[in-house]
Amino acid sequence: EKTVITREELEALVTQKDAIEAEITALIDVLNSPGNPGLRGGLIDAEGFPIGDVGKIIEIREVRSRLARRQNDHIQIMAKIEEGLCAFYSANKPQKEKKTEEEATTAPTEKSKKILTPPNDVPFAKVNSVMPGSPAEDSGLEAGDIIYGFGTVNHQNHRNLAAIPGVVQEGVMVTVLIRRGEKESQISLVPKKWNGRGLLGNYNNFSGRRS
């Protein structure tokens with residue numbers, strides 16, 4: 001039996017999501033601030049000495065750990081929002097329409113729990129390369145990743161990838177849905193200025209355009 005969810009409860013979930021996204025952005029800013037090693041930089045220099053005092057190293061480790069936990073929280077809250085939206089609109093459909101759907105619906109399967117669900121179930125781009133030190137690398141994107149969703153962009157509306165720049169704003173996190181081998185993943189990418197060109201630092205193909 002489906003759990004009934006109210007509009008207020010949905011709005012509360014969205015508020016939680018926004019707060020998590022704001023915290024993720026703030027934590028990434030801390031790690032990428034001058035003198036700090038970023039998301040994956042080492043805590044020792046080329047000569048084998050610590051990059052700072054013990055307190056700074058502990059702080060960086062704590063920030064990285066907090067970031068990893070909040071990124072997991074973001075994945076979970078997005079799943080709850082998706083499930084809540086389905087339950088809310090199902091409960092508020094006209095009775096005749098609901099009956100028709102119930103007759104046509106089979107027993108739920110594990111597929112309903114997948115990250116790559118319509119319209120983000122068809123790939124439209126592939127990451128050719130990721131520049132070292134770029135926001136794309138910081139987010140965890142890797143060359144070879146297959147992209148199924150980039151913010152609101154999917155296989156139905158990407159317009160040969162021309163739609164991607166429209167959802168890229170400096171400092172505003174974008175959710176990227178990918179498949180890496182057999183694993184489906186949801187990545188939080190924060191576009192921002194870095195030492196290279198653009199705000200992302202990754203090259204995609206299937207259309208030959210750079211995001």
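Which residues line the largest cavity? I opened my notebook with this point, working on a predicted model.

**Entry 1: the cavity**

I looked up the lining and found Ile28, Asn32, Leu39, Gln71, Pro135, Asp138, Ser139, Ser188, Val190 and Lys192. The search of the whole structure gives 1 cavity of 30 Å³ or more. I noted a volume of about 50 Å³ for the largest cavity. Helix α4 provides the largest share of its lining, with 3 residues. I then sorted the lining of the largest cavity by class and wrote down 4 nonpolar, 4 polar and 2 charged residues.

**Entry 2: the second largest pocket**

Next I turned to the second largest pocket, which has a volume of about 330 Å³. It is lined by 19 residues, and those closest to its centre are Arg40, Gln71, Ser139, Gly140 and Ile187. The elements that contribute two or more residues to this lining are α2 (54–91), α4 (135–139), β3 and β4. I asked myself which element gives the most to the lining of the second largest pocket. I found that α2 does, with 6 residues. By class, I listed 7 nonpolar, 7 polar and 5 charged residues in the lining of this pocket.

**Entry 3: the strands**

I then followed the strands in order. Strand β1 (residues 125–130) pairs with β2 in the antiparallel sense, over 2 bridges. Within this pairing I located Ala125, whose bridge partner in β2 is Ile147.

Is strand β2 (residues 146–150) largely enclosed or largely open? I counted 4 of its 5 residues as buried, so β2 is largely enclosed by the rest of the structure. On to β3 (residues 174–180): it pairs with β2 in the antiparallel sense over 4 bridges. Here Phe150 stands opposite Val176 in β3.

How many bridges join β3 and β4? I found 7, again with the strands in the antiparallel sense. In this pair, Val174 stands opposite Leu189 in β4. Strand β4 (residues 183–189) has 6 of its 7 residues buried, so β4 too is largely enclosed by the rest of the structure. The hairpin of β3 and β4 has 2 residues between the strands, and there I noted Gly181 with a positive phi near 70 degrees.

**Entry 4: backbone angles in the loops**

I went on to the loop between β2 and β3, where Asn160 lies. Asn160 has a positive phi of about 55 degrees, although it is not a glycine. Leu161 lies in the loop between β2 and β3 as well. Its phi is positive too, at about 75 degrees, and Leu161 is not a glycine either.

Is Asn160 buried or exposed? I read a relative accessible area of 53% for Asn160; the cut-off for exposed is over 50%, so Asn160 is exposed. Leu161 has a relative accessible area of 4%; buried means under 20%, so Leu161 is buried.

**Entry 5: a cis peptide bond**

Last, I looked at omega. A cis peptide bond joins Pro118 and Pro119, with omega at about 0 degrees. I placed Pro119 in the loop between α3 (95–104) and β1.

Conventions: Residues numbered from 1 in each chain as written. Predicted model: local features only at pLDDT ≥ 70, side-chain atom pairs only at ≥ 80, totals over all residues. Heavy atoms only, no water. Buried < 20%, exposed > 50% of the residue type's maximum accessible area, 1.4 Å probe, protein only. Pairing = 2+ DSSP bridges. 1 Å grid on protein atoms, 1.4 Å probe; cavity = no way out; pocket = protein on both sides within 12 Å on 5 of 7 lines; lining within 4 Å. Points joined across faces, edges and corners; volume = space filled by probe spheres on them. Nonpolar A, V, L, I, M, F, W, Y, C, P; charged D, E, K, R; others polar.
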